[in-house]
Amino acid sequence: MSLVANTGKLAGRTLFITGASRGIGKAIALKAAKDGANVVVAAKTAEPHPKLPGTIYTAAEEIEALGGKALPCIVDVRDEKQVQNAIDEAVKKFNGIDILVNNASAISLTGTAETDMKRYDLMHNINTRGTFLASKLCLPLLKNSDHAHILNLSPPLNMSPYWFSIHVAYTMAKYGMSMCVLGMSEEFRPYNIAVNALWPRTAIATAAIEMLTGDTSTSRKPDIVSDAAYAMLCKDPRTYTGNFAIDEDVVRAAGVADLKPYACDPANADRLLLDGFLDEEEARLHHSSTVTASHRRAYHTSATNYKQAEQGGGQIPALFEAISKTISADLVKKTQAVYQFNVKGKEEGVWHLDLKNGAGACGAGEPPAAPDATLTMDANHFADMFAGKLKPTTAFMMGKLKISGDLQKAMKLEKMMKSLKNKM
């Protein structure tokens with residue numbers, strides 16, 4: 001649901017949008033199409049993906065159905081020739097380019113040891129290099145426009161160590177996009193080319209988020225980002241440049257007083273999952289204290305945990321006893337991950353859940369096999385998480401949960417916990 005009204009300011013303007021076949025990129029394209037804009041749909045998806053909806057051709061059809069003109073182009077932003085060919089085609093069809101939206105991005109929320117170099121190279125070549133390349137090749141055309149904008153979908157440059165510690169490779173790749181904003185906004189100022197960044201304050205319900213977490217009920221619709229992008233791209237490029245904007249701040253400034261309609265589930269409008277890289281004092285304190293505590297604290301040995309379990313009492317032993325009764329071959333097959341839980345507080349100890357090997361197992365102590373993900377949190381939060389009162393993604397973003405290892409496998413717990421809750 002779009003809440004920022006179209007004004008017609010982008011009518012006849014040509015937008016080159018990377019990663020525009022689905023998600024936020026497509027939402028921005030459709031918003032501009034309502035003004036009668038021309039849109040170059042620059043993305044890799046020419047054939048339908050088995051899990052993700054949309055191709056450059058279906059996106060083009062939607063753009064034209066809303067009154068815009070579309071040019072679908074197969075573009076891998078890592079390939080200089082493909083980017084240049086798409087730009088040349090745009091010039092032939094639309095006589096130039098006014099706006100570049102660098103939306104294409106790759107993500108791997110993994111720590112240093114878990115990030116293979118192929119994935120590292122993918123993120124840096126798409127996020128940082130792809131953004132730089134598209135900006136460089138579009139520059140001559142943007143210089144000829146009287147309404148030139150570059151908009152990068154990238155975060156504010158928050159130098160808190162926390163955002164580097166949890167997935168340094170991804171952070172570097174996204175910050176590379178943001179550094180393009182920092183540098184190019186000044187470099188291109190003499191040419192009246194605006195260069196800005198836009199980042200959502202909350203999780204956005206895209207196919208990628210749904211695949212990662214299995215749930216979008218605490219997310220907002222892509223419409224809030226497309227509304228914010230539209231408002232930014234309508235501004236005078238001579239005066240509006242070098243900004244690191246947050247979507248909800250932009251739409252509020254555009255006159256949207258009630259953000260509730262943007263929520264996927266209005267019942268969760270006040271309990272939305274915050275996005276990463278936000279420079280909010282409360283979030284920084286939560287994250288900082290969690291990271292510091294995890295380095296200071298020495299956890300009990302497996303022997304101590306087994307002794308505690310044998311003595312009985314407490315909610316954690318009872319919880320794992322209940323979990324053990326719900327483990328099935330089907331759950332093991334679907335999850336394929338080993339988890340270690342470092343529990344702090346009143347019931348401090350180490351526990352494990354093996355949903356990867358044999359028939360599965362759980363209990364006190366470290367797992368027999370190396371864990372794919374290690375989760376550290378307070379005993380009370382741990383119990384709330386398994387009781388369905390606290391989602392892992394929410395706990396993670398609020399600083400109540402620290403994860404090391406494979407973050408994507410850790411987030412599989414959210415789906416698993418729904419199944420366990422029903423059985424328990």
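Predicted model: local features only at pLDDT ≥ 70, side-chain atom pairs only at ≥ 80, totals over all residues.
1. Let's start with α4, which covers residues 117-143. This helix has 27 residues and spans 37 Å between its first and last C-alpha, close to the 39 Å expected at 1.5 Å a residue.

2. Next, the partner of α4. Helix α3 (residues 80-94) has an axis that comes within 10 Å of the α4 axis, and the two cross at roughly 30°. Angles under 35 degrees count as roughly parallel, so α3 and α4 fall into that class. The crossing is right-handed. On the α3 side the contact involves Glu80, Val83, Gln84, Ile87 and Val91, and these meet Leu133, Ala134, Leu137, Cys138 and Leu141 of α4.

3. Now for α1 (residues 23-33) and α8 (residues 223-233). Their axes come within 8 Å of each other and cross at roughly 50°, which makes α1 oblique to α8. The handedness here is right-handed. If you want to display the contact, pick Ile24, Ala27, Ile28 and Lys31 from α1, then Val225, Ser226, Asp227, Ala229 and Tyr230 from α8.

4. The last pair is α12 (residues 315-324) with α14 (residues 379-386). The packing angle is about 25°, and the axes lie 10 Å apart. These two helices are therefore roughly parallel to each other, and their crossing is left-handed. From α12, the residues making the contact are Gln315, Ile316, Leu319, Phe320 and Ile323. Helix α14 contributes Ala379, Asn380, Phe382, Ala383 and Phe386.

5. One thing to check on screen: which way do α12 and α14 cross, left-handed or right-handed? It's left-handed for α12 and α14, whereas α3 passes α4 in a right-handed crossing.

Key
Residues numbered from 1 in each chain as written. Heavy atoms only, no water. Helix = DSSP H or I, 4+ residues; strand = E, 2+ residues; numbered from the N terminus. Expected span 1.5 Å × (residues − 1). Axes fitted to C-alpha atoms, helices over the stretch in contact; angles between N-to-C directions. Parallel < 35°, antiparallel > 145°, perpendicular 65-115°, else oblique. Left-handed = near helix turned anticlockwise from the far one by under 90°. Contact = heavy atoms within 4.5 Å.
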